[in-house]
Amino acid sequence: MRPILFAQRKTPMSILPIYTVLMFAMSIGLIRRAKAENAVTPSQVIGLFGLLGALAIWVGVVTVLGLQGKHLALKQTVPLFWQPLTFLIICTVAIVVVPPIRRGLMAIAQSTPAWWFALIQATRIGAIGSIIKGLQGEIQSGYVFWVGIPDFLFGLSALGVAWLSYYGRIGRRALIAWNLVGFALIALPTFIGRSYWFAEDGFEFIFEFPMILAPAVVVSWLISFNLLHAWAIWRSDRA
């Protein structure tokens, strides 16, 4: 009987694995900065690293399923974009159920300069890669244009927002609105248009590894940062 090996599947070149590691690195950097400034307590630090541990396990699950081609197979039986939902559920449950995580995230978001969060969003410029593949015909899905182009432009806008934030030339309400736009640009066309995308043959590209890391990890992480930053600003203004 011939063994099934992961190596039998050809994995296309992609920067997404690097982006995945970058999400962890940036998050650890935010925690370490907050800890150095005594913005978070030891229990909160433990909770936050516990959340990162849970997300690391999730990345492992996504990777194994991707290498086995299971995401594409499950698309036929589970007509739901469950990968990004799973990421968001993990974070939401952690925030709701574990107070140190909730308080730690809020402390980090309120103590970190706004321009840091803006620069994190600038990584969305990387969406240009999928757009180019779409223009070259490597990806046969309108998703890379309807979602990828606004995502890329939002990443560009993040550079300007970072500059304005650094010099104190942007209001807090404007930052809230900007973050909510960053969330909506991905969430609305993806989930409201789910039926359309799932019926499109070319949309299968997003379920292939390593592309699945985008919705399941990287993009979900970035829009979570959007919500976290907007939430922190809103809470600070109400305090």
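Me: Quick one to start: does Ser 165 count as buried or exposed?
Reply: Ser 165 counts as buried because its relative accessibility is 14%, where buried means under 20% relative accessible area, exposed over 50% and partly exposed in between (1.4 Å probe, protein chains only).

Me: What kind of model is this?
Reply: It is a predicted model, in which local features need pLDDT of at least 70 and side-chain atom pairs count only at pLDDT 80 or more, while totals for chains, interfaces and linings use all residues. Residues are numbered from 1 along each chain as its sequence is written, and side-chain values use heavy atoms, with hydrogens and water left out.

Me: OK, so where is Ser 165, and what does it touch?
Reply: Ser 165 has its place in helix 9, helices being DSSP runs of H or I with at least four residues, and strands runs of E with at least two, numbered from the N terminus. Not counting residues up to four places away in sequence, Ser 165 touches Ala 114, Trp 115, Ile 170 and Leu 175, with contact meaning heavy atoms within 4.5 Å.

Me: Which residues of helix 6 are buried?
Reply: In helix 6, which covers residues 114-121, the buried ones are Phe 117, Ala 118, Ile 120 and Gln 121. They lie on the same side of helix 6, because they cover an arc of only 155° around the axis, taken from the directions from the helix axis to the C-beta atoms.

Me: And what do they pack against?
Reply: The buried residues of helix 6 pack against helix 1 (16-36), helix 5 (99-111), helix 9 (148-166), helix 10 (172-192) and helix 12 (213-238).

Me: Switching to the largest nonpolar core, which members touch the most others?
Reply: Those are Phe 203, Phe 205, Ile 206 and Trp 221, out of 55 residues; a nonpolar core is a set of buried Ala, Val, Leu, Ile, Met, Phe, Trp, Tyr and Cys residues joined through side-chain atoms within 4.5 Å. Helix 12 gives this core its largest share, 11 residues.

Me: What does Phe 203 contact?
Reply: Leaving aside neighbours within four places in sequence, Phe 203 is in contact with Phe 81, Ser 141, Tyr 143, Trp 197 and Phe 198.

Me: Last topic, the backbone: which peptide bond is cis, and what is phi of Asn 38?
Reply: The bond from Phe 209 to Pro 210 is cis, with omega near 10°, and Pro 210 sits in the loop between helix 11 and helix 12. Phi of Asn 38 is near 55°, a positive value in a residue other than glycine, and Asn 38 belongs to the loop between helix 1 and helix 2. Most residues other than glycine have a negative phi, and most peptide bonds are trans.
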